[in-house]
Amino acid sequence: RNWVREVQELRVQLAPVDRSQLLVLRFEELLRDPLHHLERVVSFLGVDFPAGYRSAIETLGLRPVRARWASDWDTDQLVSVLEAAQPMLHELGYCE
């Protein structure tokens with residue numbers, strides 16, 4: 001529920017900002033391909049991407065993992081949270 005409120009508030013705060021001044025980066029995309037997405041970030045910022053960054057990022061071993069809450073929560077907890085988050089998840093393209 002907090003996540004939904006945070007996304008809603010973020011949208012309100014960013015509404016007056018020109019879209020060309022925003023870069024959207026999803027956490028799961030960053031973990032799936034960290035090098036590519038960090039290159040996007042530094043390019044967006046207009047700063048250099050030193051060669052040493054590439055090897056440092058590769059050694060981090062970032063990778064997507066299944067969230068622990070998905071297996072730790074009971075059915076009632078999952079239903080409650082998903083019920084509250086479903087519209088936002090759908091709007092952001094996380095579910096159909």
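R11 is partly exposed, with a relative accessible area of 37%, where partly exposed covers the range between buried (under 20%) and exposed (over 50%), for a 1.4 Å probe and protein chains only. The model is predicted, so local features need pLDDT of at least 70 and side-chain atom pairs count only at pLDDT 80 or more, while totals for chains, interfaces and linings use all residues. Residues are numbered from 1 along each chain as its sequence is written, and side-chain values use heavy atoms, with hydrogens and water left out.

Side chains of opposite charge can pair when their charged atoms come close. Two salt bridges are found in the whole structure, a salt bridge being a side-chain nitrogen of Lys or Arg within 4 Å of a carboxyl oxygen of Asp or Glu. In one of them, R11 meets E91 at 2.2 Å, N to O. This pair links distant parts of the chain, 80 residues apart, with R11 in helix α1 and E91 in helix α6; helices (H or I, at least four residues) are DSSP runs numbered from the N terminus. A salt bridge also joins R54 and E39, whose closest N and O atoms are 2.6 Å apart. Because R54 lies in helix α4 (residues 51-60) and E39 in helix α3, the pair ties together parts that are 15 residues apart in sequence. R54 is partly exposed at 37% relative accessible area, and E39 is likewise partly exposed, at 27%.

Helix α3 (residues 34-45) also holds H37. H37 is buried, with a relative accessible area of 10%. Beyond its neighbours within four places in sequence, H37 is in contact (heavy atoms within 4.5 Å) with L25, E29 and L30.

The largest nonpolar core consists of five residues, V4, V7, A85, M88 and L89; such a core is a set of buried Ala, Val, Leu, Ile, Met, Phe, Trp, Tyr and Cys residues joined through side-chain atoms within 4.5 Å. Helices α1 (2-14) and α6 (75-91) each supply at least two residues of this core, and α6 gives the most, with three. Residues up to four places away in sequence aside, V4 touches A84, A85 and M88.

The lining of the largest pocket divides into 26 nonpolar, no polar and six charged residues, with Ala, Val, Leu, Ile, Met, Phe, Trp, Tyr, Cys and Pro counted as nonpolar, Asp, Glu, Lys and Arg as charged, and the others, Gly among them, as polar. A pocket is defined on a 1 Å grid over the protein atoms alone, as an open set of points where a 1.4 Å probe fits, with protein on both sides within 12 Å along at least five of seven lines; lining residues have an atom within 4 Å of a point. The largest share of this lining, six residues, comes from α1.
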